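Please open the model in your viewer and keep the sequence beside it, so that each selection can be followed in both places.

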Amino acid sequence: TVPDSDAQMPLVEHLEELRRRLILAVAAIAVGAVACWILYPQILELLLQPYCQIRSSGSVSNAFGDGCELLVTDPLEPFGVRMMVAGYGGVALAMPVLLWQAWRFVVPGLQAGERRWAIPFVVVGVLLFATGCGLAYWSIPRALDFLIGIGGPDLVSVFSPSKYLGFVVKMMLAFGIGFQFPLVLVFLQLIGVVTPAGLRRTRRYAVVGIVALVAVLTPSGDPFTLLILSVPMLVFYELAILLGMLRDRRRRRARTR
């Protein structure tokens with residue numbers, strides 16, 4: 001066999017590092033999924049609260065019970081629902097580890113002064129993810145009211161567990177991921193992929209792109225949800241530009257000393 005050249009070694013080492021980080025990330029998701037499987041009854045009760053809220057308002061039929069029951073039509077559905085909740089919950093619980101692994105993967109390409117931002121990066125990322133999930137949870141009853149009402153009074157809404165819980169967890173995950181948007185932009189500026197000036201020039205296209213992305217990410221598709229996620233992402237876009245400008249100004253001052 002022909003030995004690897006020196007030019008190839010950095011790429012091989014980079015891929016090995018990526019592989020190791022991915023394994024750790026998958027392991028963290030698996031541990032989180034096991035925890036969510038065990039805590040499923042408590043998680044289910046929490047996820048049912050938006051449904052209970054619209055049930056109490058009379059938007060959904062109570063033909064199958066007076067509580068917050070969901071209609072099961074498939075004997076395999078309860079198992080599939082528990083697997084789905086555990087999987088998505090595992091991703092949510094593993095978010096600190098995922099962000100840490102992402103940071104550790106890119107840190108060799110950063111300057112020494114930028115590497116100290118590891119812990120703030122993870123903390124801010126977790127807080128943004130939690131804020132996004134909380135905002136989604138708050139908006140779900142309003143989105144459901146819109147989606148139920150738009151069909152007219154002659155349609156009776158009865159939800160199945162897979163459809164309703166899939167809607168809720170995907171909404172929360174979409175908002176949580178969407179709120180990572182400023183971290184992604186700041187990270188791209190750190191590694192030199194984009195610049196604050198470039199972000200300013202593409203601002204008009206970014207507005208259209210953000211709205212289109214939100215429409216794809218959110219499963220509801222209602223205008224209320226579209227607005228409530230698009231506005232923070234547009235604010236995050238401007239904030240990322242401001243942070244990039246401050247970083248460039250600080251680096252220029254450091255070079256002139």
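**From the whole chain to one patch**

Begin with everything selected: of the 257 residues in the protein, 37% are buried, where buried means under 20% relative accessible area, exposed means over 50%, and partly exposed lies in between, with a 1.4 Å probe and protein chains only. This is a predicted model, in which local features need pLDDT of at least 70 and side-chain atom pairs count only at pLDDT 80 or more, while totals for chains, interfaces and linings use all residues. Residues are numbered from 1 along each chain as its sequence is written, and side-chain values use heavy atoms, with hydrogens and water left out.

Next, switch to a cartoon view, where you will find 11 helices and zero strands; both are DSSP runs numbered from the N terminus, helices being H or I with at least four residues and strands being E with at least two.

Now select V34, W37, I38, L39, F79 and M83, which make a nonpolar surface patch of about 610 Å². Areas come from the Shrake-Rupley method with a 1.4 Å probe, and for residues only the protein chains shown count as cover.

Colour helix 1 (9-38) and helix 4 (77-93), each of which supplies at least two residues of the patch, with the largest share, three residues, coming from helix 1.

Technical notes:
Patches are made of residues with over 30% relative accessible area and no salt bridge: like charges are joined within 9 Å, nonpolar side chains (Val, Leu, Ile, Met, Phe, Trp, Tyr) within 5 Å. A salt bridge is a side-chain nitrogen of Lys or Arg within 4 Å of a carboxyl oxygen of Asp or Glu.
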